[in-house]
Amino acid sequence: MGVVSADPLTNVRVQLKWLHQYQFAGFYAAISQGYFEDAGLNVTLIEGGPSLDPVDEVLAGQAEFGVGNSSLLVAYLEGKPVVMVAAIFQHTPFAILARNKAGINTIKDLEGKTLMGEVHADELMAFLLAQGVDINKINLVPHTGNIRSLIPGSTPEIHASTSYLSTEPFLAVQVGLDYQIFSPNEYGIDYYGDSLFTSRAFADENPETVVAMKQALLKGWQYAAANSEEVISDILENYSTDKSRLALTFEAQTINNLLEDEMIEIGYISQSRLNNIATLFTATGLVNETKDLKPFLFQPAEQAPKWVGYTLLALAAISVVSTVIATRIYHLNQQRIAELNKRKELEILLTEQARTDPLTNLANRRWFEDVGSKSVEQALRHKRSLGVIMIDVDQFKPINDLHGHHFGDQCLRTLSAILLDCIRAGDLAARLGGDEFVLLLPDANEDVADAIRNRLLEQLRNHPIQTNEVEPIILSVSMGIGWLEQTDNGLADVIHRADQDMYANKESN
């Protein structure tokens, strides 16, 4: 390990695509070997999942960096301000795993079958379209995150799944599932995989941090590739994972083969190759049109040559006047930089305030409606499920009147903390106003909603709120859920159903 800087570390968050596993070995190695710390970074890794899109999380300010696949390019072509920093996998591990004896002998046979897919599987949709598959004839359902969903006899019957070559094949063998793989690589379509990205705003405002992050991560991946067993032990000891050493070893062997391509180093991005991928996305109708990809690639400003600095020093030595002027300019520049930093901090603070409820620190109504509307559009387009749970505190006005507004505020803050503890990664909890709260549940089903409601009620029972009286108060809430329907015009339709369900439940209690 290098010498750690005495300067305070810069905190950055990274939104992973999936749960902790060898897929993110470079990050673990960069942490354990001190590469991030040497670069002045304190990195926090945030787990992902099948229903979470890292692009949405990064653009929403929930993380400074994310890990994305070629769907990242789709996001850019659709106008989202994302910046690709480094291509970690030179070849995609994304593929379609189909159950044998399900009548799927060719890629076209997926028509009429049920395919469970992740939210960031655009590149596989383009792959299917390029092979002449009518994806409208595929029953696309949300990914459960469990290969057992493909076992014959499961309900509903699922015939195929988007998968990672490093993970699902091993799990399929474990559960005795006979399968076959359809990989874009085998059809001459060569995507990048697991790319480090950030937002345009963050790249423009913090280019040094982006450079430091990239360099430290690439060092981490180089270390991981050479010390796989050590990194696997690190994962098992320090990260929450349900994978065995054998599963992680299988994953490592597959991923290490995807990192480099002969003389191409880890992290390299070819703009011509990206142009080819963008052309495929356009030709298959996944995006409307391609555009200049230069803004999509992170390109830090080049530093001035060293001789410039030497020349300035020489000139400063020649004349005392030059030194005084240079010193004055330096101080003015420092003041200007400080002013710009304060302005940026103020802009960030104002942005947070504009979308956050000040009492509970949950999303406010404006932010919920913005995120919710986009989630509805995405769910309708991809025919995915989406639920909304409305929550109302029972007898809140009498509680306020009896114990005072200060206690009422404490009740709302307690409920808010419990809501955050009950929802999944990718869900959104918001306060609409007063004692009205709402949960947005993308890619959820009745079982997920029931689990959240039951956990909420249990947590409320286990967290009574102490008053000035002898007995503490246990909050009671009424809840109602609304599900998105394909005929809906927008978020308001789902909220209306949830409202009706909530008031029906309130009246029946």
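This is a predicted model: local features need pLDDT of at least 70, side-chain atom pairs count only at pLDDT 80 or more; totals for chains, interfaces and linings use all residues.
1. In which hand of crossing does H9 pass H10? The crossing is right-handed.

2. Helix H9 covers residues 228-238 and helix H10 covers residues 245-259; their axes lie 10 Å apart, and the packing angle is about 135°. H9 is therefore oblique to H10. On the H9 side the contact is formed by Ser-228, Glu-229, Ile-232, Ser-233, Ile-235 and Leu-236, and on the H10 side by Arg-245, Leu-248, Thr-249, Ala-252 and Asn-256. Sorted by class, the contact of H9 with H10 holds five nonpolar, four polar and two charged residues.

3. H9 also meets helix H1. The axes of H1 and H9 cross at roughly 85° and come within 10 Å of each other, so the two helices are roughly perpendicular. Ala-25, Tyr-28, Ala-29 and Ser-32 of H1 are set against Val-231, Asp-234 and Ile-235 of H9. By class, the contact of H1 with H9 consists of five nonpolar residues, one polar residue and one charged residue.

4. Which residues of H9 are buried? They are Ser-228, Val-231, Ile-232, Ser-233, Asp-234 and Ile-235. These buried residues pack against H1 (25-32), helix H8 (207-226) and H10.

5. Within H8, Ala-224 deserves a separate remark. Its relative accessibility is 0%, so Ala-224 counts as buried. Leaving out residues up to four places away in sequence, Ala-224 touches Tyr-22, Ala-25, Gly-26, Ala-29 and Val-231. Ala-224 and Tyr-28 are separated by 196 residues in sequence, yet their C-alpha atoms are 8.4 Å apart in space.

6. Turning to the strands, an open sheet is built from five of them, in the order E7-E6-E8-E5-E9 and with mixed pairing. Strands E7 (139-142) and E9 (179-182) are at the edges with a single partner strand each, so one side of each has no neighbour in the sheet. From one strand to the next, the twist averages 35°.

7. Leu-97 has Ile-181 of E9 as its bridge partner. Helix H5 (residues 122-130) lies across E5, E6 (114-117), E8 (160-164) and E9, and runs at about 70° to E5.

8. Apart from neighbours within four places in sequence, the contacts of Thr-162 are Phe-94, Ala-95, Leu-115, Met-116, Gly-117, Glu-118, Ala-121, Leu-124 and His-143.

9. Ser-149 belongs to the loop between E7 and E8. Ser-149 counts as buried because its relative accessibility is 15%, under the 20% limit for buried residues. With neighbours within four places in sequence set aside, Ser-149 is in contact with Met-116, Thr-144, Ser-154 and Ile-158.

10. Strand E1 also takes part in pairing. E1 (residues 10-15) and strand E2 (residues 41-46) are parallel and are joined over six bridges; Asn-11 stands opposite Asn-42 of E2. E1 also runs parallel to strand E3 (residues 65-68), with two bridges between them. Here Val-14 has Phe-65 of E3 as its bridge partner.

11. Most residues other than glycine have a negative phi. Lys-101, although not a glycine, has a positive phi of about 60°. Lys-101 is located in the loop between E5 and E6 and counts as exposed, because its relative accessibility is 83%.

12. Asn-361 likewise is not a glycine and has a positive phi, of about 65°. Its place is in the loop between helix H13 (320-355) and helix H14 (365-382). With a relative accessible area of 59%, Asn-361 is exposed.

Notes: Residues are numbered from 1 along each chain as its sequence is written. Side-chain values use heavy atoms; hydrogens and water are left out. Two strands pair if DSSP finds at least two bridges between them. Helices (H or I, at least four residues) and strands (E, at least two) are DSSP runs, numbered from the N terminus. Axes are lines fitted to C-alpha atoms, for helices over the stretch in contact, and angles run from 0 to 180 degrees between N-to-C directions. Contact means heavy atoms within 4.5 Å. Angles under 35 degrees count as roughly parallel, over 145 as roughly antiparallel, 65 to 115 as roughly perpendicular and the rest as oblique. A crossing is left-handed if the near helix is turned anticlockwise from the far one by less than a right angle, and right-handed if clockwise. Ala, Val, Leu, Ile, Met, Phe, Trp, Tyr, Cys and Pro count as nonpolar, Asp, Glu, Lys and Arg as charged, and the others, Gly among them, as polar. Buried means under 20% relative accessible area, exposed over 50%, partly exposed in between (1.4 Å probe, protein chains only).
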